[in-house]
Amino acid sequence: MKGVGAVAAASMLQVRVGTAGQVRTAPAGAGRLRFGVQPMPAHATYDDILRCSQTCDALGFDSAFTFDHFMPLDAKPGPCLEGWTLLSALAAQTKHVKVGVLVTGNTYRHPAVLAKMAATVDQVSHGRLILGMGAGWFEAEHTAYGIPFYSKGGRARRLVEAVEVVKALFMQDKPTFTGKYYQLKDAPLDPKPVQRPHPPILIGGMGPKVVLPLVARHADIWNFHAPDDTAQAKEVIASFDALCDKVHRDPAEIEKQTTLHPKEIAERPAKEVQNRVRALAAVGVRHFVISLPAPYDIAMLHAFAKDVMPALRDWQP
């Protein structure tokens, strides 16, 4: 994802001041369409994932993501690399793409630990981190590893505090935080991230009671499932934009991101893929991430970069 800080000034958007006087920077490049890839780090080797990520970097993709799971999601036995340690290695061996975890499961780590990890990866990448956060959802994983799996509402409420903790550590010298779930006392975070006031925060989820209000207040990027029906996608985005207005946040500050699946790319002519992207872009989606299981279809990525991305980069509705 496009960030701030070390990137060229020409790539940055106007800095806005929030309702509480907090400086916020809209995601750089939010006015153009952006494209990313998520090579799933399951049933693959590190060398496979590195090769795929470096290919994306060379082809001009905007972002490359891992995920935050400790076992494959398809219930088949096999290897699964840990997302954040993997991300740090990929950050050190790519040059241009924004790097992130899509998304970090909040139940797996104290948010102060996450903030320290994120600041470190932003340093390693020289300001290319996008910090993805979510409430956590994979119950089988929690059961296997003895990690507490709270109610849906409990996980969502913990995510709210976690976002507040992370932002406090990024933006304050030695914050103190007293929440129901997390506490800080004169907590240092040194070094801070390269990107200031903080790396772009991506929040994934569609929970209407807690998660979406959190996204409206704090996120720079919203990752959501866009319905196949474009009219339904338009309704979802319009409802979210109305929520942003309600909390006095400009909806344009929050980039909408969704997933593309490799089969619908590989099995369709380039024109059809372009039309699908244009239809979603017309209702407000600006960032499209290809979710790519192993073995990675590198030929499809080359074709997408050649036949789809150039035609859509600067497309506007």
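The entries below begin with the ground rules and then take each site in turn.

I am working from a predicted model, in which local features need pLDDT of at least 70 and side-chain atom pairs count only at pLDDT 80 or more, while totals for chains, interfaces and linings use all residues. I number residues from 1 along each chain as its sequence is written, and side-chain values use heavy atoms, with hydrogens and water left out.

Entry one. I found His 287 in strand β13, residues 285-292 (strands are DSSP runs of E, at least two residues, and helices runs of H or I, at least four, numbered from the N terminus). His 287 has a relative accessible area of 0%, so I noted it as buried (buried is under 20%, exposed over 50%, partly exposed in between, with a 1.4 Å probe and protein chains only). Its side chain makes a polar contact with the side chain of Ser 63 at 3.0 Å (a pair of N or O atoms within 3.5 Å, where one must be able to donate a hydrogen and the other to accept it, and residues adjacent in sequence count only if both atoms are side-chain atoms).

Entry two. I then turned to His 261, which lies in the loop between β12 (255-260) and α8 (262-266), and which counts as partly exposed because its relative accessibility is 44%. I also noted that the C-alpha atoms of His 261 and Pro 293 are separated by 9.5 Å, although the two residues are 32 apart along the chain.

For the helix pair, I listed Leu 212, Pro 213, Val 215 and Ala 216 in α6 as meeting Phe 240, Leu 243 and Cys 244 in α7 (contact means heavy atoms within 4.5 Å).
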